[in-house]
Amino acid sequence: MNRRLERIAAPLGVGFLFLALWQAATHLFGVPVYILPAPSDIAQSLWTDGPSLMGSLLVTLRITLAALAAAALGGGSIALVFSLSRVIEISFFPYAVILQVTPIVAIAPLIIIWVHTPFLALLTCAWIVAFFPIVSNTTVGLNSADRNLLALFRLYGASRWQALWLLRVPTALPYFLAGLRISGGLALIGAVVAEFVAGTGGAETGLAYRILEAGYRLAIPRLFAALFLLSVTGIVIYLVLDFISRRLLRNWHESATPEEE
Amino acid sequence: MNGVTKRFATGVAALAGVDLSVARGEFLSLLGPSGCGKSTLLRIIAGLIPASAGACRLSLDHAPGRIGFVFQDPTLMPWSTVTGNILLPFRIAGHIGAVQRERAAAAVRAVGLSGFEHAYPYQLSGGMRMRVSIARALVTEPDLLLLDEPFAALDEITRLALNDDLLRLWAERRPTIIFVTHSVFESAYLSTRIAVMTARPGRISADLAVDLSQPRDRATRTSPEYAAICERVSAALAQAMGTTR
């Protein structure tokens, strides 16, 4: 219990100390608000601009979550196909890598030209960034089934499908979930990058565009407030995925079972 | 089962012309130094890998479930409970009903794991995991039980207890057992017959009958007959290893 408290209290303490120093420094040196606003300025902006920023956050969040869901579904399916056919895996895997290593900022303008629906265009960008960790992790997982268990499945006359569903897929689950946790953060990054490139997509403006806009207008406290909301969103996504992962694996996987004392 | 004959030579010559026949109901130990191809031989018997030459004939029904296999590691599915793991052969066969559940429950009782039906492998000790593995191999009531150094990774106390359990289970149903080990004492205690193997390439160098009385228990381990057999087996093993030098 004490150690748990420590784990929460210690980083929070560091955070408060940092904020206090920041606050003191901005006052002490008289830093103008358009260069570096004090935490109190940011908090105030968060309060006054909060409702409109939350609306923008929702736009970005929708793209992020849709991209993450598509990445989980698409990435998982691609990995399944890879695991079923070695030829398909070696033929297509390099292209998945190419898609991954090409900077999304460089492809985003093209995608925005090609895909007319703004939501779909942004979704596509975020998906491209997010799907690779899931594909690559799940593929490794599907190929990591215990060799002796595979032999046992053969001994009992299991079909390919049975070996897949009863053995390979459960084996791959922790790998898939580890990929999903990485992809959660990447989907948010992908959504933000895509919004930066796309600018305002019609009536709905995401949080990334609000950051750009605040920068142009030198509304630096609002910029920080939006940044803060983005970080919190990323943390929440990670925590939720981590929670799901622990729930699913709690009965068997080393990452989620209690440590022996 | 009568007349298993094999002759093969794989690329690295793991096994060179092994002739062996095992009678139904026999408890045969394959004894030899590490890397002599004992496990390879066992996998060929199970039909998991093909022999590169020669033939392995089983005079038993080759339907799934007629052969049970226990590996050196428990080889359990960590996401599945004790019962779930033991039911695996039935799940693969495609039907789990009341009969299958009752047989799984009986297998759990037979290996002394009552009360742990819903435990997950990580909650069990090494010895208990091995018991689950044995229960899974027994649940289909196989005619042939193949064990590949199943107790090698366990401590002495657990190992002795599992030796006795295995003898009891064998006495109850009398499946044919082929037991791979590198322990002279274990093979002498358990088997009715010991085949000693040489290493690289593996072949059978001695075939010894173990005529200790049944049932065997703690008294057996201290009897002069047991000591004499251990000595004979030791000598045969030393000779088998000498031929490779």
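Reader: Which residues are said to be in contact here?
Author: Happy to start there, and please keep in mind that this is a predicted model. Two residues count as in contact when their C-beta atoms, placed from the backbone, lie within 7 Å.

Reader: How many residues of chain B are in contact with chain A?
Author: Let's apply that cut-off to the two chains. Chain A brings 18 residues to the contact.

Reader: Which element gives the largest share of the side of chain A that touches chain B?
Author: Two helices of chain A, α7 (147-155) and α8 (160-198), each supply at least two residues of this side. By class, the side has 10 nonpolar, six polar and two charged residues. The largest share is seven residues, and the element that provides them is α7(A).

Reader: What separates the centres of domain 1 and domain 2 of chain B?
Author: Chain B is divided into domain 1, made of 1-60 + 143-245, and domain 2, which covers 78-142. Taken over C-alpha atoms, the distance between the centres of these domains of chain B is 25 Å.

Reader: Which element gives the largest share of the side of domain 1 of chain B that touches domain 2 of chain B?
Author: In chain B, 13 residues of domain 1 are in contact with 10 residues of domain 2. On the domain 1 side, β3 (144-148) and α6 (156-173) of chain B are the elements that give two or more residues. That side has nine nonpolar, one polar and three charged residues. Its largest share, five residues, comes from α6(B).

Notes
Residues are numbered from 1 along each chain as its sequence is written. Chains are lettered from A and ligands numbered from 1 in the order in which they are written. This is a predicted model: local features need pLDDT of at least 70, side-chain atom pairs count only at pLDDT 80 or more; totals for chains, interfaces and linings use all residues. Domain bounds come from an automatic or database domain assignment. Helices (H or I, at least four residues) and strands (E, at least two) are DSSP runs, numbered from the N terminus. Ala, Val, Leu, Ile, Met, Phe, Trp, Tyr, Cys and Pro count as nonpolar, Asp, Glu, Lys and Arg as charged, and the others, Gly among them, as polar.
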